[in-house]
Each structure stands twice: as C-alpha cells, then as structure tokens.
Amino acid sequence: MVAAPIPYSADAEQLDSDEGETGEGLNTALHGILETTSKDYGHAVRAVHAKSHGLLSAELTVHDGLPAELAQGLFATPGTHRAIMRFSTNPGDILDDSISVPRGLGIKVLGVDGARVEGSEGDTTQNFIMVNGPVFGAPKGKPFLANLKLLAKTTDTAEGAKKALSAVLQATNAALSAVGIDSAAIKQLGGAPQVHPLGETYFSQVPFRYGDYIAKFQLVPMSPLLKEVSGTTIVTTGRPDALREDIAETMIEGEGVWEFRVQLQRDRAKQPVEDASALWDEAEAPFVTVATLRAGPQVSWSHDRAAVVDDQMSFSIWHGLAAHRPLGQINRLRKDAYEMSSRFRGHFNGCPMHEPKADEPLPA
C-alpha cells in the first residue's frame, strides 16, 4: 500500500543562516559567465543552458476526472493551454555538440490564471524547468556553488580542449555506468551520454508546492515517434549543431506526445525537501499522470523563433502560480540568480524579457 500524500505546511522548509552568502557567490559566478560570453559574442546569452536545440509550439491538456490530491493548481481545472518547449544543454557558452552534457527542457504554459508567486504578479504563465536525470547534482547550495565555480572556469576555454576532455569523460562515464556508478560531476563537465533529447525522460529534480501538497514533476515520451529515438546515440562528428538538426528531422515527421506526471511527497524523511540530491523512491511515491503535452509536426528551430524564445523570454521556476511555489534551498537560491541573468541579458541586448500572452504565437 502507498501512503497518503502529506499536506503542505510552512515547516517543510528550513532556511540556513548562510544562504544569503551562498546566493551572493552564485550570482558572482553566473555574472562572470555572462560577462565572458557577452564579450565573446557581442550578444548576451543565458548563464546556463545558453544553446537551444529545439523550440517547439505545443499544447498541454490537463486531464479530466483527477482525484482531489492531483487536481491542484494548474491541474485543478481540465482543459488545454498553449505551451512553449525549449530543449537545451547545460553550459553557459555556445558549444559544439560533440561536447556532451545533460539535456535540459524548459516548458512555459500560457494562459494560466490564479494567485501568483511573488515576482511574477500580472503574468499568466506557469514555467517548469527539467533535466534528463531524476536528482539535482548537489544536495544544497554550497556544493552547488562549488560545482558552478568549476563549470565557470571552463567558460571561454579553447573548444578543442573541451572536445578532447568530453571524449575522455564520455568513455569514463560509460565505464562507470557499466558497474552501476553514476557521476553527476562527470556528466556536467562533458561526459553525459550523447542521447537524442526528444527521447529522454525529464525531471524537475527538486520539489514544489502542489496546491495542498508537495511534489516533483516528470515528463515521459509516449508517442511512437519519440519512443523510436529514445536512447539513440546522436552522431556529432563534423556536426556542431547535431542536436538541433536531429530534433528538426524528427519533429518535421510527426507528433510528439509526452505524459506530464506528478510525484507527491508521502514521507518527509524518505522524500526530503531540503536535500535536492535525494532520490524519491517511485515504489513509495509513484509518479501519476495528470496531463498530456503534444507538439505537432513543425520546423523546430529557426533564427526568427530563437530571436523570440532565446532573446526575449526567461524560463524561470519563479514565474508561476503560488500553488506551485518552488521549495527547498536550491530553488530559493535560483530566484535571485535567474532574475540577475534575465536583467543582464535584457540590458546588454536592449531587449527586456517578457512573459508571453496566451494568444501570442511563435514565428512559424
């Protein structure tokens, strides 16, 4: 028997006394990445997940007949919302795709009404940010900052050296995986498997309010088109934009369908809020489908579309409903960092960020 979900209460979070200092360190590291890349490119890109590989127009359909514990926040009312999907990879610089790092996915759901989390008042979007791994690479802010400083040192390093390092790390990671060892640090630095982004399962990794409860989120590929590319290896030799090209080839053919699933917290000790590296066991806290995300055949990337999504939008977990407020130290530290990055890009490029309206189409 699976235990009942635990109601949310304010004591779910415990703030550390040095969070402000850690947050300042994160902002400094990210600002350094932004300054380096904007000087190199003459154009500001994101401090993390700078390179987009697919920019999809989609629809999120909230299922009817959900039980009360799942009919919360955005998912309380059945219906369909327009959505934007942005597939990316982790680094804050624009790299050759032979440098293999974890896949990321930002989802921006449009036309979402309701009480907002602070800082997003007046908007009508709900943002989700996901990665193709179930847990965050660090439990709390200090080790996260240490990892970020390591990544920051690789920004602006000769790309040839990064390619060589990535090839070594991919082989190392494959050998470790064969004996059941998973290394988040190796993946972050270029040793992640070179898999097709559309076939991956994505996770929020960190917890959020889910109305009256607490949850993590998951997105699972379901359509035959996506299952066909799941786990396939992308050939990147001589193809600096291989991920973009392979996503385009797949999405021009047919429909991509994903299930959006929710994992409710059912045991505070076994499913902690403040340890972002803790895996919530699916046997004890199963993922349950609450919505379907669909993207029809389309040209998945263009310069016109990138000019809108990459340069005019910010994907932040702090753009959303109060019912889906981000929880835990990693999420709290992300708030100022995301806002700083958005301000920097908007100021440098002369193009302030904005949240799109429900009737604002992407360039075809």
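What volume does the largest cavity have? I find about 80 Å³ for the largest cavity. I note that this is a predicted model, in which local features need pLDDT of at least 70 and side-chain atom pairs count only at pLDDT 80 or more, while totals for chains, interfaces and linings use all residues. Residues are numbered from 1 along each chain as its sequence is written, and side-chain values use heavy atoms, with hydrogens and water left out.

**Cavities.** I wrote down the term before going further: on a 1 Å grid over the protein atoms alone, a cavity is a set of points where a 1.4 Å probe fits but cannot get out, and lining residues have an atom within 4 Å of a point. Grid points are joined across faces, edges and corners, and the volume is the space filled by probe spheres set on the points. My search of the whole structure gave two cavities of 30 Å³ or more. Lining the largest cavity I listed, among others, Lys51, His53, Asp97 and Leu243, and by class this lining has five nonpolar, two polar and four charged residues. For the classes, Ala, Val, Leu, Ile, Met, Phe, Trp, Tyr, Cys and Pro count as nonpolar, Asp, Glu, Lys and Arg as charged, and the others, Gly among them, as polar. The second largest cavity has a volume of about 30 Å³, and its lining includes Pro139, Val273, Glu274 and Leu327.

I then followed Lys51, which forms a salt bridge (a side-chain nitrogen of Lys or Arg within 4 Å of a carboxyl oxygen of Asp or Glu) with Asp97, the closest N and O atoms being 3.0 Å apart. Lys51 lies in the loop between helix 1 and strand 1 (52–62), and Asp97 in the loop between strand 2 (79–89) and strand 3 (103–110), so this pair ties together parts that are 46 residues apart in sequence. Helices (H or I, at least four residues) and strands (E, at least two) are DSSP runs, numbered from the N terminus. Are Lys51 and Asp97 buried or exposed? I find both buried, where buried means under 20% relative accessible area, exposed over 50% and partly exposed in between (1.4 Å probe, protein chains only).

**Other salt bridges.** My count came to 16 salt bridges. In one of them the side chains of Arg268 and Asp11 meet at 3.4 Å, N to O, and since Arg268 lies in the loop between strand 8 (256–264) and strand 9 (287–295) and Asp11 in the segment before helix 1 (19–41), the pair ties together parts that are 257 residues apart in sequence. Arg268 is partly exposed at 38% relative accessible area, and Asp11 is partly exposed at 47%. I also noted a network of salt bridges that links Glu13, Glu19, Glu274 and Arg332.

Leu243 and Met251 are among the buried ones.

Terms used: On a 1 Å grid over the protein atoms alone, a cavity is a set of points where a 1.4 Å probe fits but cannot get out, and a pocket is an open set with protein on both sides within 12 Å along at least five of seven lines; lining residues have an atom within 4 Å of a point.
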